[in-house]
Amino acid sequence: MPIKFVTVIFPLALPKLYTYSVPEEFADEVQVGLRVEVPLKNKLYSAIISELHDELKLEYKTKPIIAILDKTPLVTDLQLKLWIWMAEYYCCTIGEVMNVAMPAGLKLESETRVVFNGEMDDITEELSDDEYLVAEAVSIQNELTILQIQDILNKKTIFPILRSLLDKRIISIKEELIEKFKPRMVNYATLLEPYKSQPDRLTEAFDLVTKSENQTKALLAFVQICRNKNFTIPVSDICQLAGIDSSVMQALAKKSIFSIEKKKLSRITTKAMDEKPHEPLQSLSGQQLLALEEIYAYFNSNKPVLLHGITGSGKTRVYAELIQKAVQEGKQTLYLLPEIALTTHMVERLKSMFGSDVLVYHSRMNNQERVEIWNAVLLGAKIVIAARSGLFLPFSNLGLIIVDEEHDPSFKQNEPSPRYNARDAAIFMSHLTQGKIILGSATPSLETYANTINAKYGLVEMNDRYGESVLPTIEIVDLKPEYKDKSFKGTFSKSLISAIEDALINKEQILLFQNRRGYSPTLSCQVCGWHADCVNCDVHMTTHKAFNELRCHYCGSRAKMPKQCPACGNHDLQEQGFGTEKIEEELKELFPTALIGRMDMDTAKTKLAYENIIQDFEERKIDILVGTQMITKGLDFDNIALVGVLNADSLLRYPDMRANERAFQLLTQVSGRAGRRAKKGKVIIQTYNPDHPVIIETMHHLYDRFFIRESGERKMFRYPPYFRMIQIELLHKNAGTVAHASAVFAQNISKLLGNRLIGPAIPPIARIRGNYINTITIKMEKDPKVVHKIKEIVMVEREKLRLIPACKSVKVIIDVDPY
């Protein structure tokens, strides 16, 4: 039977899916996964077909689809299953999943255009100045966009003016779907006959250009490039080699030596990548061979595998072997990294091994590149290295998923919905595709390691460093005695200064870790107690001396550095604490001849800036590199002799159930940057609490002991991985409104959930970006039926809260498995 209706998904947070009728001319073309142009609330959108129907009884009259936008499906059946699971699991709408999943270049919505109706002479005197300006501009251009009219009037609010012009019938409004993706078009030069088939006749072509030096250069450049018998070459390549401009090529085209035409050029492959030979894979060590044997055994029993390998144990080489096997079997591989921009080294290593088979996908790429990679994956791209968003790519034959650094919090999406964990979603994805999945880390998350204890996952361990490299010596420096010394400024202990001096003498490099950017976290007046606080958030603003500014690291607001206390006029304002900028300044005083670099979000905001710092460090143009947790990820250099952790206590004091886990992971990861080749490295951790169990466990590399101790505390206080959690945040500009809504919401769900509910409570930072926050936490047993039922209750009660007039404007965020 012909298809008469389709159900579609919009990239919007709509409570239900909508159905549209299919005109007869489209009945044979519609397929699940195609984009269609459809109207919704006076606008046009591209929506994805999720279901086909030959008959359907509906309570409303359906509108017809306007157009089919694709010849083949852009979204696979597996992707739709992942979207549906994610929406259900993370308590959001499938439209919100689609919005995050698809590149912006594939999500189209109409642009409002203002059209001139043809008459205004009789009523020009009735028009205001602004109305006349708009009417005249539209009459000249015939149609304008809203943005163009805003520019003409230099105003943001223009709708009253448009409404008046509509009422006077001078203009009308139309909606037009805007195509965002445009293929990259490049001019190509093709050698024409008879020169193409008879190369010996090229001398005739040279005779034609003897009077023009530039044309001769162009022809010589073409001959040099086309030695591999490729007679169609980008004009830009010829111009670059010959040192000419494109007008010279046009002159050659007029002489019938070349034809020039525009062709599509991929944004995601480069000539250098194609030409560069693959590096042969290094031979495997005994430990790596044994690890692979165990991994394959678990794969055969269809279990996810945790590869628990210490820093520098050679996990990447094991991944390379698994990727090579997947490629040989004709399968696709997804390699997930927490932050692509911060793991340039890893990307380059894999590209050197697998060349142009490797594609990279992450949110910092432009929309055009993301669309091209989406299409390349649809066509069967072999290896994709991606951040968490890579999970949504349209794989058709996914055989292997690697989640490297699986413990990293960057795998958890915090804004917008769905607030998913890519590691957990990747596990579900591997079930869908019947593929293999391996999670790797030197410091596994408690959730993942607990799954190996209960035999849900397989565990493979690599406890020795690769080759001659050995784990660094870790020295703990107690800062309490140092603090009594008046020469101690609170930043560098005598032991650390001495170790830095030794490394510099030996021409070795140093990493210094402080997980706080800026100059100092607090600026205060010692006379009246004033603090530089953010106007939008309940936090102190951080001083940034390089910019002479105070900055809020939560909302991004900025203020000029005050010269005196705004409350009492005192000129002696004090900066308390230290960030990476202050450390850099003190290092320049202590070691004036050393080359010092800094890596944080201020100095490495862009991918290029980050890569420049890494390149300088690799080329030893930097002796001491100070950084935030950016330096804990992906740095693999053979000359790092010393790693210093300046304030370990700041990691341990954070009011969060995962504070100890994160501290252990960060301290272990940053320590692992030292001594990654033959020479043994050294790590110095400064702390006021040297007897803290996390410090001792880090010092002696005692992950097992850390896991047992931390697990005991989690069980005692009913925390994951032994209980499930949902955290609900309620936000509003008014503190009283959010408090009332939280009390109502908590009261309604506590009747159904009992003692599983904690709150409402005000979090340590009670206001962010102008919104007051209340939190409600639900802790529940791991029974899937109970969890599913509680999620349903939470979703229903959220909708009920929206129906209460006083609570309608309160934003409710549901975070399943907060991380």
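Does I427 count as buried or exposed? Select I427 and look around that side chain. The model is predicted. At 11% relative accessibility, I427 counts as buried, because the cut-off for buried is under 20%.

**Stop 1: around I427**

I427 sits in helix α15, which spans residues 422-433. Now show the contacts, setting aside neighbours within four places in sequence. I427 then touches P304, I437, L439 and Y457.

**Stop 2: the whole protein**

Zoom out and switch to a cartoon view. The protein has 26 helices and 34 strands. The radius of gyration is 31 Å, close to the 28 Å that the globule rule gives for 819 residues, so the protein is as compact as a globular protein of that length. Along the principal axes, the C-alpha atoms fill a box of roughly 85 × 80 × 70 Å. Colour by accessibility next: 53% of the 819 residues count as buried. Then consider contacts between residues at least 6 apart in sequence. Of these, 74% join residues at least 24 apart.

**Stop 3: the nonpolar cores**

In soluble globular proteins, nonpolar side chains tend to be buried together. Select W83, M86, I728 and L730. These residues touch the most other members of the largest nonpolar core, which has 113 residues. Centre on I728. Beyond four places in sequence, I728 is in contact with F745, I749, N774, T775, I776, I778, V794, V812 and I813.

**Stop 4: helix α2**

Select residues 94-101, which form helix α2. Seven of the eight residues are buried, so α2 is largely enclosed by the rest of the structure. Which residues of α2 are buried? They are I94, G95, E96, V97, M98, V100 and A101. Now show what surrounds them. The buried residues of α2 pack against β1 (5-9), β4 (43-53), α1 (77-89) and α14 (367-378).

**Stop 5: Y90**

Y90 counts as buried, at 2% relative accessibility. Display its contacts, not counting residues up to four places away in sequence. Y90 touches W85, K412, P418, R419, Y420, N421, D424, I814 and V816. For a distance check, pick V347. Y90 and V347 are 257 residues apart in sequence and 30 Å apart in space, C-alpha to C-alpha.

**Stop 6: two cis peptide bonds**

Most residues other than glycine have a negative phi, and most peptide bonds are trans. Go to P418, one of the residues that Y90 touches. A cis peptide bond joins S417 and P418, with omega about 0 degrees. P418 is in the loop between β16 (398-404) and α15. Next, select E193 and P194. A cis peptide bond joins this pair too, with omega about 10 degrees. P194 lies in the loop between β9 (185-191) and α6 (202-208).

**Stop 7: two positive phi values**

Select N302, in the loop between α11 (286-300) and β12 (305-309). N302 is not a glycine, yet its phi is positive, at about 60 degrees. At 60% relative accessibility, N302 counts as exposed. Then select A455, in the loop between α16 (446-453) and β18 (458-462). Phi of A455 is also positive, near 65 degrees. A455 counts as partly exposed, at 43% relative accessibility.

**Stop 8: a helix pair**

Two packed helices are described by the angle between their axes and the distance between the axes. Show helix α7 (residues 213-225) with helix α9 (residues 246-254). They pack at an angle of about 85 degrees, and their axes are 10 Å apart. That angle makes α7 roughly perpendicular to α9. Which residues make the contact? From α7 come N214, Q215 and A218, and from α9 come V248, M249, A251 and L252. The residues of this contact divide into five nonpolar, two polar and no charged.

Notes:
Residues numbered from 1 in each chain as written. Heavy atoms only, no water. Core = buried A, V, L, I, M, F, W, Y, C linked by side-chain atoms within 4.5 Å. Buried < 20%, exposed > 50% of the residue type's maximum accessible area, 1.4 Å probe, protein only. Contact = heavy atoms within 4.5 Å. Axes fitted to C-alpha atoms, helices over the stretch in contact; angles between N-to-C directions. Helix = DSSP H or I, 4+ residues; strand = E, 2+ residues; numbered from the N terminus. Parallel < 35°, antiparallel > 145°, perpendicular 65-115°, else oblique. Nonpolar A, V, L, I, M, F, W, Y, C, P; charged D, E, K, R; others polar. Rg over C-alpha atoms; globule rule 2.2 N^0.38 Å.
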